[in-house]
Each structure stands twice: as structure tokens, then as C-alpha cells.
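Please brief me on the metal site, the salt bridges, the strand pairing and the aromatic pairs in the structure below.

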Amino acid sequence: MNYFKKFLILLFIIFIALVVKYYGDYSFSSDVEVNGKFIASFIDVGQGDSIFLEFPNGKNMLIDAGENYESETVQSFINSKGYFSLDYVVGTHPHTDHIGGLESIIRRYEIGEIYLPKVVHTSKTYENLLTTINELGYKVNSAISGMEIINEKGLEVKILSPKNSNYSELNNYSVVIKIVFGNTSFLFMGDAETVVEDEILDEVNADVVKVGHHGSDTSSSEEFVKSVNAKYAVIMSGFDNQYDLPDKAIVDRWKSNGAEVYNTSENGNVIITSDGRNITVEVEHESYN
Ligand SMILES: [Zn+2]
């Protein structure tokens, strides 16, 4: 081999070393330095949703409050954590298994901002909620895709859906929230179905997902589950519920796409904590299998 060839090989090795170093540095610098913890508590309210979020900046958020008769469960949970006020309250959509418990929550705590989807629904429960909000002098923020509830260094709380105002199914008005804390991300789907999943497919990638519509097969399409690519999937459903949820095929779909699946009907309260880098899961009861 002549010297010129050797020189070229050496040059090539140096080039590869530089590329490796550059990309190594690059991926390192994309890490976001964050302090504190983000805690998502999936409260067991039987057949319904209620999720309490504690942000590293000291603020909190309640997404839904289960049926009316489960409001006490939610309040006990919030009280046990020592909170007397709620910075953000989100009612994902007007079905009673989500907003039923909210009226007494709004009466009991000092509330910051309230987010609801813009939808006309004349159930008594929803009407009562709106009347109470009005009576106490709060105003409603109409949740719409693109709204940023929090946007600070290392922490982003963003509304992905609703994008439209003419869905035929009330579930599809669900306020869908994505949270990015450091290098970890969380997705809360409410009861959104596949129509909505298709609309937001390129934004749904997340480490943790609150599975849409209690694990029903109206939601969690194959494409969506793949796009989320979750490490942890939480299903909120009631023990022995009348709808026979979650659908077994949907549970298996999340599992076969690599997610550890938790279910409030089996695990009770599910508490997921992120320090911006690592995620830990605590459950009230271990799974049966
Ligand atoms: Zn529901």
C-alpha cells in the first residue's frame, strides 16, 4: 500500500471520529436540564376519569372528577396531598363520568383557570356545572388545539385537540393534553376516538398515555398506538363495569407495542412520577398476573 492510500484511510478515520463526536455532543445537548418532579395521579373513581397533576413549578391541574358520587374520592385525594386550591381545572367533555364530580370541586376549592371544550350539551349535570362556574364568578376558557397552558423552560402543557367544532360524537370534543417535562412526555386522551387520533397522529408520541375512552375499541387504533409508542399506558375503568371495558384486544394492542399497561380497576390509584429523565410507577394494588 502506498503512502497516499494510507493517508486517505487515516483521513477517513478522522472524519468518522468527528461525525461520531458531533452527533454524540448533539444528542447530549438536546437533554433539557430540569429541577423537581412532575407527578400524575390517576385516581380510581370507578367507571370514569380523574387525574391530578402536580407540576415541578408548584402548580397543579385536575383533569376530570369522575361521576358526581365520586367527587368525595377526588377531594380526599387532593386534600391528602395538602392542596387547598387548584390552578387549572379541565373538564374533558360533558359526559357525567368525567365532569359529574366537578361542580362540588369548583365550590370547594379556590380555582385558577377552567378549561372546557366549546360544545353545546344540555344534560342537567353539564348545565349545573356551567351555572355554578358562572355563579362563582369564574370564566371558562374554550379549549382548542394549539393553546399552551404552560410554556416555560423544560415544561410545556399544550392542548392538542379539539381541532374542529363539528364532531358527531361528543367523545371527540375531548380536551386532549400533551405534557413535556425535560426528556419525558405524557399524553391525556380523555374519551377521544379514532377520528381525533387520526387528526393529531404526528404529535402523539409519548412515554406515558392515558388511554382514550376507558380502553374501548372506539379508540386506540393500531396506527395511533404505534405513533404514541408508549412505555406506560394507563386505562381508567371501573371494576366489573357494565360496558365490559377495557376491550381485551385493546389492552393486548398496547402491550404488543411495548407498553406496560395499568388499569385503575385492577391497580387502584396509579401514580406516575417523572424527574425529567426517569419515570417511576406506583400502584395501590399489584396486578393479578
Ligand atoms: Zn368516559
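Helices (H or I, at least four residues) and strands (E, at least two) are taken as DSSP runs and numbered from the N terminus. This is a predicted model, in which local features need pLDDT of at least 70 and side-chain atom pairs count only at pLDDT 80 or more, while totals for chains, interfaces and linings use all residues. Residues are numbered from 1 along each chain as its sequence is written, and side-chain values use heavy atoms, with hydrogens and water left out.

**Zinc site**

- The zinc ion has as protein donors Asp 97 (OD), His 98 (NE2), Asp 191 (OD) and His 214 (NE2), lying 2.1 Å from it; donors are N, O and S atoms within 2.8 Å of the metal (3.2 Å for Na, K and Ca), and sites may look incomplete because water is not among the atoms.
- The donor residues follow the sequence spacing D-H-x92-D-x22-H.
- His 98 in helix 3 (residues 96-99) and Asp 191 in the loop between strand 10 (184-188) and helix 6 (194-199) link distant parts of the chain, 93 residues apart.
- The arrangement is irregular because the four donor atoms subtend angles of 82 to 157 degrees around the zinc ion.
- Four donors count as tetrahedral if all angles lie between 85 and 135 degrees; four count as square planar and six as octahedral if opposite donors are over 155 degrees apart and all others between 65 and 115, and anything else is irregular.
- Both His 98 and Asp 191 are buried (buried means under 20% relative accessible area, exposed over 50%, partly exposed in between, with a 1.4 Å probe and protein chains only).

**Salt bridges**

- The count comes to eleven salt bridges, a salt bridge being a side-chain nitrogen of Lys or Arg within 4 Å of a carboxyl oxygen of Asp or Glu.
- Arg 107 forms a salt bridge with Glu 103, with the closest N and O atoms 3.4 Å apart.
- Arg 107 and Glu 103 are separated by about one helical turn, because they are four residues apart in helix 4 (residues 102-108).
- Arg 107 is partly exposed, at a relative accessible area of 45%.
- Lys 163 and Glu 203 meet through their side chains in a salt bridge (3.6 Å, N to O).
- That pair links distant parts of the chain, 40 residues apart: Lys 163 is in the loop between strand 8 (155-161) and strand 9 (176-181), and Glu 203 in the loop between helix 6 and strand 11 (208-210).
- Lys 163 is partly exposed at 35% relative accessibility, and Glu 203 is partly exposed at 23%.
- Asp 252 forms a salt bridge with Lys 248, with the closest N and O atoms 2.8 Å apart.
- Asp 252 and Lys 248 lie four residues apart in helix 8 (residues 248-256), so about one helical turn separates them.
- Lys 248 counts as exposed at 60% relative accessibility.

**Strand pairing**

- Strand 14 (residues 270-274) and strand 15 (residues 279-283) pair in the antiparallel sense over five bridges; two strands pair if DSSP finds at least two bridges between them.
- Ile 272 stands opposite Val 281 in strand 15.
- Strand 14 and strand 15 form a hairpin with four residues between them, and Gly 276 in the turn has a positive phi of about 100 degrees.

**Aromatic pairs**

- The count comes to eight aromatic pairs; rings of Phe, Tyr and Trp (its six-membered ring) pair if their centres lie within 6.5 Å, and planes under 30 degrees apart count as stacked, over 60 as edge-to-face and the rest as tilted.
- Phe 38 and Phe 55 are stacked, at 5.5 Å centre to centre and 15 degrees between the planes.
- Phe 38 and Phe 55 are both buried.
- Phe 186 and Phe 188 are also a stacked pair, at 6.4 Å centre to centre and 15 degrees between the planes.
- Ring pairs join Phe 38, Phe 42, Phe 55, Phe 186 and Phe 188 into a cluster.
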